[in-house]
Amino acid sequence: MANIKIYGDLDSGSIFFINSTVDPKALGTVVASLIDVSGNERILVERNDRFQEDGVSFRVLFKKLNPNRVCNQSGQELISQLSYTSQQVVDYINAQSQLTGANGGDGNGTDVTGTAIDFKLDDTSTSIMLDNGFTYGVNTIKAIADTDGTIHIVSELGDLTYFTGLIHTDVLINGVGASGGLSDVVNALNELFQVGAFESIVISDPHSTLIADVGGDLDSGSLVGNAINPSGNDIGAGIQAHYNKAGYKSSETIDQAGEYFTFNMRNEGIFGACLVLNDISDAQGNTAYADPSVFCDGVNNSGNYGIQWGMFFHPSPNGPWTYYGAASGTLYGSGWNGVDAFRYSNDGANWLNGDAEEFRIGIDANSFISMEYYNNDNSSWVVVSRTNYPVGNNVKFHLGIKFCDSVVRLVDTPKVHLLEPVAPTMYFRYIESPDGNYEYPLFATEEEANYYDLNHGGTVGTGTSHAHTYNDDPTNTTWYMADTGSTMTGTTVPPADTFKGISVSYTEITSLANADLTPSQFSSSDLMYVEGTVVNLQLYPSGATFTQSVTITPTGSGLVYNTASGYLQGTLTDVPSDTDYTIEVTRANSYGSTVGTFLITATDVAPVSTNTTSWDKAIDFSGSSEYLKHMSGNATASQNPLGLSSGTYIAKNSNPLYTASSSSSRPWAHTIVFKADGHNSLQTIWNNGEAFYSNGDNFGLEIDANNNLHFYYGQGSSTSNNYNKCIVQLAIDTSKWYGVYIAHKGGRLSGSDATKVNLGQCFDIRVMSSADNFASLSVDKSGSWSGGNWSQTGRRMDKAVNGLYTIGATASYQKPFHGKVASSVITTLKNNSLAPVSAEIELMIKDPLKWEADYKQGTTFRAADSSSTASVPSVTSVSYNYATQIHLMGDSIGIYPYSNNDAFPDILNNLRWYNTTKMTMQNMVSNDIENVSISGLS
Amino acid sequence: MGVRKNTQYTTRPDVLDTATIDTLNHEEGVIVYDKETKELKTNDGSAWKSIGHDEETLRAKFQGYYGMLSSFYFGGNATETSIDAADVNQWIDVELVTDANGLFDNRPTSMKEAQSTGHSGDGTTGDPVVFNLEGLTQTTFANFRASLSFEPAEDEGQFESRLLFNRHTGTSPSSDFSIEEVSLSMQNGADIDYVSEPMLSFFIGDTIDTNGVNDAGKCRFQIKSNVEGVLKLRALTWYINK
C-alpha cells in the first residue's frame, strides 16, 4: 500500500493527505489517535467537524491507518526513516492539523537571500505582484527592516512571515532598483503596498549620514604575535602560514555607528580585516573566539580566534574569501560577488599586481560591522560583506589585521575615523514635488541645513538656510534647505553624492502624487426638469481652490455657467420633445485636471389646451371590416360636402390661391386627426367615393405598410394604385397624432391635364402633428406652382364621384385602417373664392368648433353639390348642416336641437343632429370609442 | 348460472400422447392436442410445432430467476470478503456462503434441462460462484442484482461492481469481457456500512449463448475498491427472460 504524505499548510489553511482518497481538510478539524487492531498499532483519523448518523461520533477519515505509511511533506517515512514511534506519528498528525503561524508550516517564510525581487501593483491597484510568482492584496502585507539587516515581508495583521532575508539592494519596484538604504527601501515598499486613501508614511528611521572624520587620525597600535616590520616601506607582515599568529592591533577604538578604521594592504596573499573587542564581556557569539587576549597568540591556527568578526581575503578567489569570528554570520555586499565585485575591479587587479589597496572596517550606519574596499574608479566605498547582526552601541572595537601568510603587507599606519564631535547626524532627504520635480537636500532641522551650507562641496555659504513646506507632503512638515548647494529643480532623484567625503544616503519624503492632488472629479446624478424651469445649481464647492469651467451641449439650453458664483443658472428653454443637455465640468489646478459630466433633461410638457373643441375621445379601428359610414345615403351628394354628382371638366382658377370659378365647381376642404398603429398593410384612413372597383371613382387619404401617407384621386381598379397620388408624408411616427388638411379647389382635370403642376394647383395639402404639440403647419405638400409631392399623375378627375364618405375603410370596407381617428371636418368651399390659408387651416385642424365660429359664422357658404350660396345661419340649418360637418368621434355632446350626444354606434355632426349627417360605426363595438390624450390638442 | 352453451366448433382435435403424435403423418395444417405437454400442435408438412401452451408451462418456458441468498436473510450474517491493502484497486471475486434455505432455482425450463445446477463454485476464497448460461439462446436478456454493503477503512473511497463473462469455445475472440458500474462513492466517512444493490443488465449474444453441451457462456460477480474495507455480500440473483 502506498505511503501517504500528511502535512499541514498555513497558506491554504489545510491539512493534506497526499496519495490517499481523502481530500484536504481544514486545519484544526482533524484528530488522530492510536488504536489497537488485532494486536497491531493503527491510527484512527477522524474529523471533528462532521459526525456520523448518531450525531455524536466523529466522521472517520482513516479507520485503521498503518503508521508505517505516514510520511511528512518531504516524503520522509516517519517511522522507518525518522524513527518515530506510532504515538509520535499520531502526535505529528495532530500537530500538523493544529499548525499556526507561530509554530510551523510556511508561516515562517521563505528565505530569499540573494534573490532579486521586483514588486509592482496590478493595473487595478488591488494586488501586489512579485516577480517570483506570489501575489498579495494591497494593504495586506508590509515590509519590515529586520534586526538581521534584511527586509522581511510579513502579513499586515497576524504573525505570518512570507519572505525573509531580502537584501535591500535586491529590491526592484516597477522594474527599477529601489534607491537608498534599508530604511528607504522598506519605506518605498510600504508606500507601494498601501493603496487607497493616502496614509502618511511616517519615516521613523530615515537613513542617516554620519559625519565621521574623513581625514582620520593615525593609529598608534602595534604589530602583534610574530609579525615583523618587513624591509622597505611596508610596516607589517607575517612570516609563516598561520591564521592567528601575526597581525596588527590598533590602540584606538571605535564605538559609534559611522566610525571606522582605514588601512592599506598590498601583495596578493591571505589577510583578515577584523574588529577585536576591547572587553570580552561585550562578546556576541562564541566567547572563546571573541576573547581579545588570544588575538594572534599563535595557539590555535584558526581565523576565528581573537576577533568578533573578520573578513578574510585570499589569493585563490583573488579577493574576498571567507569570514571568521565569534559570530561569523555574514551578508555579502556588492563588493563580494555583485556588480562591484573586488576580484573583477581594477582595484582587484591592482592588488594582484602587488599594489596597495585601501580597505576599511567599521560600524556602519545601521550598526553592522562592515568591511569595504575603496573603488578608485567610482571614488566610493564598496561593501564586501557585513555582519548579519548589529553590534551594541558604545561597544569598543580595535582594528585587528591578521597576516595569514608571509606574502601580504601592511603598507602604512592605519587610521581611525571617529565621528566629528561638532557635526550633527545628518539625515539627507529629498522630495518629489510636484511629480517629476525633485528638491534636495532637505533636512528636518535648521542645524543640519546650516551645517550643510557650510560644508558641502563647491562654494559654501555662511551657514544659513530657509524653510519649505509642500502641498503634497501630507505631514505638512517644515523642511530646511541650505541657502547654497541645494537643488530645487532636479529631474531625477539625487545622484550619488558625498558630503565631507562620506557617501550620502537620501531618504525620500513621501509625497502625494499629482493624481492625489488633482481636483476631485465633479460628480452629480443626472437631473430632470420641465421646460421653463429656473435652474440655479451650485457646481463649485465653497472654499475650493481649483479652477472650474463648464460646457453645455447641445447649445440652446437657456443655461449658462456663472464663473464668478460657481452656479449653473438660467431658464430651461421650451423644447419640442424631451431633450438631454450634457453638462461637462472641468476642474483644474497645477497638478492636473479632471472632467465630470452629468445630464440635465428638459422635459417637454404639452401646453394647456385652450381649444373650444374637446379632444378626449377617438375611435379605435382594428382592421377587418370596421369603419365609419356617412349616412347621407349612397350617391346623395347634396347631403355630403364632398359630393360630386356631375362628371365634367372644370378648369382650375388661373390664380391657384382661388377656387375654380365655374358654377359647376364643387370645391371642398377636409381635415382629419388620426394616429396609426403601423400595421403592415395598405390602409384607408378616409375615402369618398364608390370604393375600389373597376370604374369606381374615389378620393381620399391612405397609409401604406411603410407608414407613408398618400392622397389619391382617380378612377377604377381594386386599389388606389392607378390613381393620381400625392405623398403627404413619408414614414410617419406611429407614436404621434397627425392632422391632415386637404382642400380641393375645384379644378377637375382630364387625364392629359393632370400634370404635377396642374394637380399641385388644384389641391392644398397640409400636415400638423403632436411631435411639436401641433405647433407648426407644414408647407403645401401638393405644391401649388411646383407640383409638390405628386408621385403619380395623368389620371382623369372629370367624373362624378358618387358613393359614400367613409372613415377607416371604403364603403365596401376595403383596405381597413388600424389606428385611431379623433376628428373629421368636411366642408364645402365657395366657387371663385380665396381658399383657406394657413391660419384658417391650422384652426380647422386643431379646433374645428372655433374654426367654424371664426371662419364660417357671419359669412356665406355653398350648399353641398350645388353652386348656390347662402348666409351661414347662427343656428345650424339643415342646408348648412349638409355643407359643413364636424365629427368628433365621441366628444360631441348636447347637439342641437335635441341635445343628443355621440353614442355608439352614432357619431353626430357636432353642428346639428340630423340623421343623414351622422356617421355610424360599422362592425364595431361601443368600447371602440376610447379615451385619448393628444399632446397639443387635449 | 344460466344454461351453458357449446362452442361453435364442430370439430375437436385428436387428443394424443407425444409418442403417438410423432407417429402421425406430416399432413400440413392439421391440429392435434398433446395431452402430455398440454399443448396444441400443428404440422407444416414436415414437423410438429407447438401453437399453444397453458399459462404455467409458458411461464416456466420463457422466464425465471436464480437466487443465492446468504444467511443475512435468515437471521444470520452476510458473507464477508476482506479488501486488504493488496486488494485495493484490484477486481476481486466475492465470497458467498449460500444459506441452507437460500438457493432459489427458478430458471427457465431450457436452462434446467441443460444443467441441473445453475452455478459452479462454493463461494469460498478461490472458488467463486460462477453462473452458467447454458440453455439460453440469443433471444434472451437478463438482469443481475447483487445485494451487499461495504465498510471502508478510509473516507472518500469508491466502490465498483462488475459481471465478468467467460465466452463459449466457439467464439473469437475468446477473451473474457465485463459489464461494470460505479456502485458507491463513499463520502460520509470510513468505518460505516454503505449499502448498495448494483443491478447489471445484459443480453445473450453470440459469444455467450449455448454452443453445445457444456459449452455456453458463464458469468461471475466481482468488485473493486480504491480503499481497504470489508465487503458484506447478502445475495446474488439473476433474472432471466428467454
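How many residues does the contact take from chain A and from chain B? The contact takes 15 residues from chain A and 18 residues from chain B, where contact means heavy atoms within 4.5 Å. This is a predicted model, in which local features need pLDDT of at least 70 and side-chain atom pairs count only at pLDDT 80 or more, while totals for chains, interfaces and linings use all residues. Residues are numbered from 1 along each chain as its sequence is written, chains are lettered from A and ligands numbered from 1 in the order in which they are written, and side-chain values use heavy atoms, with hydrogens and water left out.

**Chain A as a whole**

- Chain A has 11 helices and 63 strands; helices (H or I, at least four residues) and strands (E, at least two) are DSSP runs, numbered from the N terminus.
- Of its 938 residues, 52% count as buried, that is, under 20% relative accessible area with a 1.4 Å probe, protein chains only.
- Among the contacts in chain A with a separation of 6 or more, 65% come from residues 24 or more positions apart.

**Between chain A and chain B**

- The area buried between chain A and chain B is about 1,300 Å², and carbon and sulfur atoms give 47% of that area; buried area is the accessible area (1.4 Å probe) that two parts lose on being put together, summed over both.
- Five salt bridges are counted between the two chains, each a side-chain nitrogen of Lys or Arg within 4 Å of a carboxyl oxygen of Asp or Glu.
- The side chains of Arg69(A) and Glu154(B) form a salt bridge, at 3.1 Å from N to O.

**Helix H10 of chain A**

- In H10(A), residues 848–856, the buried residues are Pro848(A), Leu849(A), Trp851(A), Glu852(A) and Lys856(A).
- These residues lie on the same side of H10(A), because they cover an arc of only 160° around the axis.
- The buried residues of H10(A) pack against strand S57 (818–828), helix H9 (838–846), helix H11 (878–883) and strand S60 (884–887) of chain A.
- Just after H10(A), Gly858(A) has a positive phi of about 85°.

**A four-stranded sheet in chain A**

- Four strands of chain A form an open sheet in the order S35-S32-S31-S38, with mixed pairing; two strands pair if DSSP finds at least two bridges between them.
- S35 (487–490) and S38 (506–509) of chain A stand at the edges with a single partner strand each, so one side of each has no neighbour in the sheet.
- Strand S32 (438–442) of chain A pairs with S35(A) in the antiparallel sense over two bridges, and Tyr438(A) stands opposite Gly490(A) in S35(A).

How values were computed:
Buried means under 20% relative accessible area, exposed over 50%, partly exposed in between (1.4 Å probe, protein chains only). The arc is that of the directions from the helix axis to the C-beta atoms.
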